[in-house]
Amino acid sequence: MYNHEVTSDVISTFRIRLFDMICALSTALDLLDPALGSHQKRTCLIAAQIARNMALDDNDYQDVFGAAIFHDIGAIGLHDRLAMLDFEEHDAHTHARLGGLLLSRFPGFNRYAPLVHCHHVQWNYGEGAQHEGKAVPLMSHLIYLADRIEVLAQGQDNILGAAPEIVEQICDASGRKFHPLFVEAFSKTAQQESFWLDIFSKNLDRILMDLAPFDNIDLDLEQMLQFAQFFALVIDSRSHFTATHSAGVAITAETIARNLGMSAQECTKMRMAGYLHDLGKLAVPNEYIERQGILEEKEMARVRSHSYLTLDILSMIKGLEDVTEWAACHHERLDGSGYPYHRTSTELSLGARIMAVADVYTALTEDRPYRSGMRPSEVLAMLDELKDQGKLDPIVVNTLKENLPSIEAARIRAQSQEGLDLIEFWQLATKSLQ
Ligand SMILES: [Fe+2]
Ligand SMILES: [Fe+2]
Ligand SMILES: [Fe+2]
């Protein structure tokens, strides 16, 4: 019926490289503002090159690399993304504190939380060894320096020509803004033309991969699921209208998959696809998501790009091909009227069909700025209509209908839990910002 083989969990292996995941997260975060370009990855590259010239120990090197690559993660949902680049004018510690808080909630990243928390602390002739009554990790000062070098390098069309002036500006602030130890290492590193040219290389990801300390660390299925859940928290924390959408789609897709007889590993992967399906929405302005009225044609076109961007980012992660396809095809329809590929029934896998139904079902139950969430009977009528129009898969829709009480209960539980997590996060965040 479907081009779908149930794989054995015993023989199938699942391995994802940690570097691929981290690189994908950093790329996704940079979607939030086109003006940021690849700010985080370039900052990471600069910090890693300077660190390599200092012969740091492995622990410090990993801290620098891991914290630098998503040091601005706390700017998510904030209106001051540009302000963090223009930090002299604004309180740059706001996004740094939020970033530290966000990372501390995820076991895979919590070692980077203190470094991110302090990444805008100036050295101030030694006073910057402490911040808010606590010791500042030394490596935070290297990330701060790399961040400022990246901002000075941004937009330069002749970086080798501009380099001496950048070096001069940084050296002038040695001791005052920057830790002299790192400025000294930077002065040496800056003599290599390759250091500057690498910053603007089209092969930034490959260069970073060569420098990455966790080159050979793999994630198993469970760890990857935790990463996907963390991604969902980041995606959903932008708007209260979609605050728990990814968690709802994830549990719905997983439960339908189980009822359709997919293997345990595939069910977990369906959940992962649910957490990740709207990753590309990070490139959609929040104002569009929160708009009370109908979006204009051009604005809708921008929104429609999101599932392609989900694919673009997830395809950076080797070994995640099936999850990527399921996640990216959630707006495809069996009659070819979906997007971005206009695939038809012969081209859509069972996973993609499940994602489409799980996404529509979850979205209809949720409040939107322009309407309240629908009651279960209205949701079912709408799903039937889409099924009858040849857009949604009849077997998947029927499976959802037959198991509606348990699916509805699981969805409400998952979304309530995610909602509580987000409320707790924002309460902590508000407290830490006071
Ligand atoms: Fe920052
Ligand atoms: Fe930054
Ligand atoms: Fe979507």
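Arginine 17 is partly exposed, with a relative accessible area of 24%. Its side chain meets that of aspartate 20 in a salt bridge, 3.0 Å from N to O. Aspartate 20 counts as buried, because its relative accessibility is 4%. The model is a predicted one. Its salt bridges, iron site, nonpolar cores and backbone details follow.

**Salt bridges**

- The count of salt bridges comes to 21.
- One of them joins the side chains of aspartate 218 and arginine 15, at 3.8 Å from N to O.
- This pair links distant parts of the chain, 203 residues apart. Aspartate 218 is in strand β4 (residues 218-219), and arginine 15 is in the segment before β1 (16-17).
- Aspartate 218 is partly exposed at 31% relative accessibility, while arginine 15 is exposed at 57%.
- Aspartate 322 and lysine 269 also meet through their side chains, at 2.8 Å from N to O.
- Lysine 269 counts as buried, with 8% relative accessibility. Aspartate 322 is partly exposed, at 29%.
- Glu254, Arg258 and Arg271 form one network, joined by salt bridges that share partners.

**Iron site**

- Four residues coordinate the iron ion (ligand 2): His39 (NE2), His71 (NE2), Asp72 (OD) and Asp147 (OD). The distances run from 2.0 to 2.2 Å.
- Along the chain, these donors follow the spacing H-x31-H-D-x74-D.
- The four donor atoms subtend angles of 86 to 176 degrees, so the arrangement is irregular. A tetrahedral label would need all angles between 85 and 135 degrees.
- Aspartate 72 bridges the iron ion (ligand 2) and the iron ion (ligand 1). The two ions lie 3.4 Å apart.
- Histidine 71 is buried, at 0% relative accessibility. Aspartate 72 is buried too, with a relative accessible area of 2%.

**Nonpolar cores**

- The largest nonpolar core has 125 residues. Those with the most contacts inside it are Phe65, Phe70, Phe109, Leu145, Phe186 and Trp196.
- Helix α11 (residues 221-236) gives the most to this core, with eleven residues.
- Domain 1 (32-211) and domain 2 (222-433) both give residues to the core, so it lies between them.
- Beyond its neighbours within four places in sequence, phenylalanine 109 is in contact with Ile22, Leu25, Phe70, Leu103, Phe227 and Phe230.
- A second, separate core has five residues, including Tyr288, Ile289, Leu295 and Val303.

**A buried glycine**

- Glycine 99 lies in helix α4 (residues 93-104). At 0% relative accessibility, this glycine is buried.
- Leaving aside neighbours within four places in sequence, glycine 99 is in contact with Ile73, Gly74 and Val116.
- Glycine 99 and histidine 119 are 20 residues apart in sequence. In space they are 9.9 Å apart, C-alpha to C-alpha.

**Backbone details in loops**

- The peptide bond from tyrosine 339 to proline 340 is cis, with omega near 10 degrees. Proline 340 is in the loop between α17 (321-328) and α18 (350-365).
- Alanine 55 has a positive phi, near 50 degrees, although this residue is not glycine. Alanine 55 is in the loop between α2 (39-52) and α3 (58-68), and is exposed at 69% relative accessibility.
- Asparagine 124 also has a positive phi, near 45 degrees. Its loop runs between α5 (113-117) and β2 (130-131). Asparagine 124 is partly exposed, at 36% relative accessibility.

Notes
Residues are numbered from 1 along each chain as its sequence is written. Chains are lettered from A and ligands numbered from 1 in the order in which they are written. This is a predicted model: local features need pLDDT of at least 70, side-chain atom pairs count only at pLDDT 80 or more; totals for chains, interfaces and linings use all residues. Side-chain values use heavy atoms; hydrogens and water are left out. Donors are N, O and S atoms within 2.8 Å of the metal (3.2 Å for Na, K and Ca); water is not among the atoms, so sites may look incomplete. Four donors count as tetrahedral if all angles lie between 85 and 135 degrees; four count as square planar and six as octahedral if opposite donors are over 155 degrees apart and all others between 65 and 115; anything else is irregular. Buried means under 20% relative accessible area, exposed over 50%, partly exposed in between (1.4 Å probe, protein chains only). Helices (H or I, at least four residues) and strands (E, at least two) are DSSP runs, numbered from the N terminus. Contact means heavy atoms within 4.5 Å. A nonpolar core is a set of buried Ala, Val, Leu, Ile, Met, Phe, Trp, Tyr and Cys residues joined through side-chain atoms within 4.5 Å. Domain bounds come from an automatic or database domain assignment. A salt bridge is a side-chain nitrogen of Lys or Arg within 4 Å of a carboxyl oxygen of Asp or Glu.
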